[in-house]
Amino acid sequence: MTKMMESSPQDRGTATDEDTLRQPSAPTGPRRLTGMSRALPLAGLVGLIIVYTIAAGDRFMTVNNWANLVQQASVVAIIGFGLTFVVIAGSIDLSVGSVAAFSGMVAAMTAGDHGSFTGIVTGLAVGAACGLVNGVLCSIFKVPSFIVTLGMLSVARGLTIVVSDSRSEPVSGALAGMGVAPGIYIALGCAFVVAFVLMNGTTFGRYTRSIGGEERVSALSGVPVRLVKVAAFVVSGLLAGLGGVVLGGQLGIATAQAATGFELSAIAAVVLGGTPLTGGIGNVWNTAIGAFIIVVLNNGLVILGVAPEIQQVIQGAILVLAVFVALDRSKIGIIK
Amino acid sequence: MTANTSRQVPGTDDPAMVLRGLRRYYPGTKALDWHDDTSLTIERGRVHGLLGENGAGKSTLLGVIAGLSPLSAGSMELLGQPYAPDSVVRARRSGVEIVLQEPGLVPSLTVAENFLLGRGPVASRAGIVLPGRTVRAVGDALQEIAPHISPRTRAGSLCLEDRKLVELARAMHFKPSVLLVDEMSACLGHTRLELLFNALRRLRDDGVAIVYISHYLEEIHRVCDTVTVLKDGRLVETLPARTDTNTLTRLMVGRDIAATLYRTDRTENAGGERALAVDGLTLANSYRDISFTLRAGEILGIGGLVGCGSQELARTLFGDLRADAGSIALADAPFAPAGPREAIRRGVAYVPPDRDREGVILRLSILQNILLPTLRQRSRLGLYPGRSDTGISTRMINDLVIRCRGASDVPFHLSGGNRQKIVIAKWLVDPPKVLILHNPTRGIDVGAKSEIYTLIQRLAQAGTAILLLSDELPELLGMSDRILVLRRGAMTYEAHREDQPTEELLVSRMI
C-alpha cells in the first residue's frame, strides 16, 4: 500500500500550486488565522487588563499592585523561559518545580557558609546539572522526556529533603535581595534577555526550533540533534535553578516544599503564551505573556473577591479554552 | 481441506470477482483510471498475478478490493453478488482477506492475540473467549504454513519474515474466498518464499482466488496462472502467466516520453575530475558489492524496483547509514562519514524521497528551512545575528522560482513542487560537490518538474556531480549520462546515454 499512501500527500500540492499561480498574493483563510492566533495571547492579556480596569480599576490599576504582579509573575516566568526551550524542541520538562526547590535549598545552605555569591552560583550549577542529567537520559539514552523528568521531579524533591535534613534554611543578605525589588527585576530581566538572545540570536535557538519542527529533517540537514536537545534541558534546569534562588529570596526562607506544583504553572505559562506542546514554534516572550496572564487573572479574581476554589476552576477552564481557541488542528492528525 | 470449506457457494459458476471501470483518484493523481468498459475477472482456484512498474496502481487496486480505500467510480462483484466494501472489516466478512506490504501485526500482542484483532473470537463459548482453545486453534492454523512459530510468542519478537508468515496464516485461517497478497518476496528469504508458494498453491487447489503482486517475473512464472499488466493506473492486458519475459516487459513500459521535459542532447558527458568513488560497498540485507565512479558534471542515474537497495545506498553515501564493507572516496580523500553532518561538511548533499518527513520542516519559515544546513558557517561563537538571512533566502526563492508570499511563509501552505524546490534550495546556499537526488520530482506537477530538470542540468554544467535515484524510468533515461541498475541489492547493468537505452531494457534488468 506504500504507493497509495504516498500519493495522497504528494498531490495535495498540485492543486494548491495552481491556486497559488492564479492569485499569487491573496491571503488564504489558514494564513490569516495563523497570524491572528499568534497575537491571541497578547490580545487575551490586554483584554483581561481592560476588564479588570473597568471592574475594579481603583484597586487593580495601581503602581503597588503592578509591582506586586511583576514580582508574583517572575518566578513562574523565569522557570517558564527555560521550559520554553525544551517544549519548542518537542520534549517536556516536568522536573522544573523540584529542581527549583533543590537549587534554592542548596543556594541558601551554601550562602550561609560561603556567602551569597557562591550560594547563587552553586544553586544555578545544581539546576544546570539536573538539566544535564535529564538531557543526557532523554537525548542520548532515549528515555522519553516525560518519564525522565517525572523521575527527576521525584529525585530532586527527595534530594532537597536529604540535603536539608527536612529543615528550612533562612535566606539573608544578597541572596535574599534576589527576591525583592530591585534584585527580582534584575533577575527577571537578565533571565529574559539571556533566554531571548539564546532563542533568537544563536544557532542553538534556531536548531531547537528545527528539531521541534521535525527531528529527522534536522538531522539530515546537519543539525547536531542530540547535543542541542541536551543543551535545551540544561537551559531549562539552569533557569529553574535561578527561579528557585529568586523564590528563596522572595520567601526569605528555603524549604523542602518550595515550588511544589510550579512545573504545572510553568507549563501553563508556556502554553497560554501560545507555544504548542508539539514543538517547533513559539518564543520566550510568549511565555512572559503567559506568565502574566496567569498572575493577572488570579490577581483580578482576588480583587473581585472570587472564592479561591472558584479561582482554580476558572484558571483550569481558561487554560483549556486558550488551547482550544489557538490550536491549529489542521496539522495534527492524532491528539494524545 | 476441501473446496467447500471455503465460503464459496457451491454449484455456481460465477467467477470469484469481476471488477469494472474502477477509478480511484487522489487530489491531483489518478491512482486507478480504468475506462468504463474495462473489466477484470478473477477466477476461482487460480493465482492471478499483478505486474507493473512502481506507481502502476497495483497496490491501489488491492486496497480498493480489500476495502482500504473507497472507489471514486466503478463497480465490483464478488461471487456474482454486488460488492462495495466500506472498510477492511466489511471486506473480511465478505470473505476477502489481504496481506499488506507493510507489517500488519501489533508487536506488543502475542501471535494468538493478533489473530483475534478485529475478527471476532477464534474459539469461544457463549461469547467468552477461551484462551487455551484459541492458542490451540491458532497453533493449528500456523501448522500449515509456519509450524516453527508458537502462538504465544509476542509478534514483536518475531523476525520480519515470520511476521509476514503469521499474517498469511491469519488470512488463510479465516477461509477467504479471495486472498490478496501484496509484494511479500521483498521481505521473505528463499526458504520462506517456498513456504509461501506452497501455501498459495494449496489454497488455489482448494478453490480460493488469489491475487498476487510481485515485482519479479520469475515469481509470476513460478506461482501464477494468469497475469495482468498494469501501467499508469490502467489495465494493459491479461495473459497466461507463462508468457515470455520480453512480451511482459514490453507491456509494462512503452509510453510516450515528453522529450522536451528532459535533456535534449544525446551525447554522454564523461565528466571531469573524479568526485565520488565507491568500491565494493556492502550493507547486509540492503545492497552488496557496489562499485562505481562519479565525475564532476556527470549525472549518474540509479534505477531499480522498490526495495532494490538504492535508497540505503544513497543514505550510506550521505552518512545516514554505515556500510558493513567496502569504501567510499570523495575527490581525492577517503570518506567514511560518521553522520550527515560530516557528509555535508565534505560537500555531499542529499534530497530524500520523503519530502514532507525528511526534506522540509512544514511549520518552519522558508527562510529558516533554506538556511538550516549552513547556519553554522554564518555564525560566530554560536551567535547568529542573521543579517544576511533575508538576502540569501530571497536570492534562492528567485533563483529557483519558489512560488510563495515571501521568505517568512511556511512550506505547509505550498504545493509539492515548491516544497521540493525548498529542499533543493537549502543545499544550494553553499553549493555541494556531490548532490544525491532521490525521486526529486515525485508527485509534482509538470511545470515544476521541468523547472527542476533545468536546474539539475544547470548544476551539472556548473560541475556538480549528480547521483539521480529515481523510480521513474523516463526521468532516468531523460536525464542521466549513465544509468546503473540495481536488482535485489546487486548491480546488474550499466547503461550509457550514447547507446540510447530503452525502458524495456532497464526494466528487464530490474525484474
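Hi everyone, let me start with one residue pair: Met17(B) has Leu78(B) as its bridge partner in strand S5 of chain B. Before going on, a word on what we are looking at. This is a predicted model, where local features need pLDDT of at least 70, side-chain atom pairs count only at pLDDT 80 or more, and totals for chains, interfaces and linings use all residues. Residues are numbered from 1 along each chain as its sequence is written, chains are lettered from A and ligands numbered from 1 in the order in which they are written, and side-chain values use heavy atoms, with hydrogens and water left out.

Back to that pair. Strand S1 (residues 17–26) and strand S5 (residues 73–78) of chain B run antiparallel and are joined by 5 bridges. Strands here are DSSP runs of E, at least two residues, and helices are DSSP runs of H or I, at least four residues, numbered from the N terminus. Two strands pair if DSSP finds at least two bridges between them. S5(B) also runs antiparallel to strand S6 (residues 81–83) of chain B, this time with 3 bridges. There Leu78(B) turns up again, opposite Gln81(B) in S6(B). The hairpin of S5(B) and S6(B) has 2 residues between the strands, and Leu79(B) takes a positive phi near 50° in it.

What is the strand order in the open sheet of 6 strands? The order is S18-S19-S20-S16-S21-S22, with mixed pairing. Strand S18 (348–351) and strand S22 (490–496) stand at the edges with a single partner strand each, so one side of each has no neighbour in the sheet. On average, neighbouring strands of this sheet are turned by 20° against each other, direction ignored. For the angles, axes are lines fitted to C-alpha atoms, for helices over the stretch in contact, and angles run from 0 to 180 degrees between N-to-C directions. At one end of the order, strand S21 (residues 482–487) pairs with S22(B) in the antiparallel sense over 6 bridges, and Arg482(B) stands opposite His496(B) in S22(B). Helix H9 (residues 310–317) of chain B packs on this sheet and touches S16, S18, S19, S20 and S21, its direction making about 150° with that of S20(B). Contact, by the way, means heavy atoms within 4.5 Å.

Next comes an open sheet of 3 strands in chain B, antiparallel, in the order S15-S14-S17. Strand S15 (287–295) and strand S17 (325–330) are at its edges, each with a single partner strand, so one side of each is left without a neighbour. Neighbouring strands are turned by 5° on average here, direction ignored. Strand S14 (residues 274–283) is joined to S17(B) by 5 bridges, and Thr282(B) has Ala325(B) as its bridge partner. H9(B) packs on this sheet as well, touching S14, S15 and S17, and its direction makes about 125° with that of S14(B).

The axes of H5 (residues 160–173) and H6 (residues 190–205) of chain B come within 11 Å and cross at roughly 10°. H5(B) and H6(B) are therefore roughly parallel, a label for angles under 35 degrees, with over 145 counting as roughly antiparallel, 65 to 115 as roughly perpendicular and the rest as oblique. The contact residues include Leu165(B) and Leu168(B) of H5(B), and Leu195(B) and Leu196(B) of H6(B). They divide into 7 nonpolar, no polar and 3 charged. Ala, Val, Leu, Ile, Met, Phe, Trp, Tyr, Cys and Pro count as nonpolar, Asp, Glu, Lys and Arg as charged, and the others, Gly among them, as polar.

Over to chain A. H3 (residues 63–88) and H8 (residues 183–201) of chain A pack at about 25°, axes 10 Å apart, which makes H3(A) roughly parallel to H8(A). The residues of this contact divide into 16 nonpolar, 2 polar and no charged.

What about H12 (residues 262–272) and H13 (residues 284–303) of chain A: at what angle do they pack? The angle is about 115°, with the axes 7 Å apart. Their contact residues divide into 7 nonpolar, 4 polar and no charged.

Thanks, everyone!
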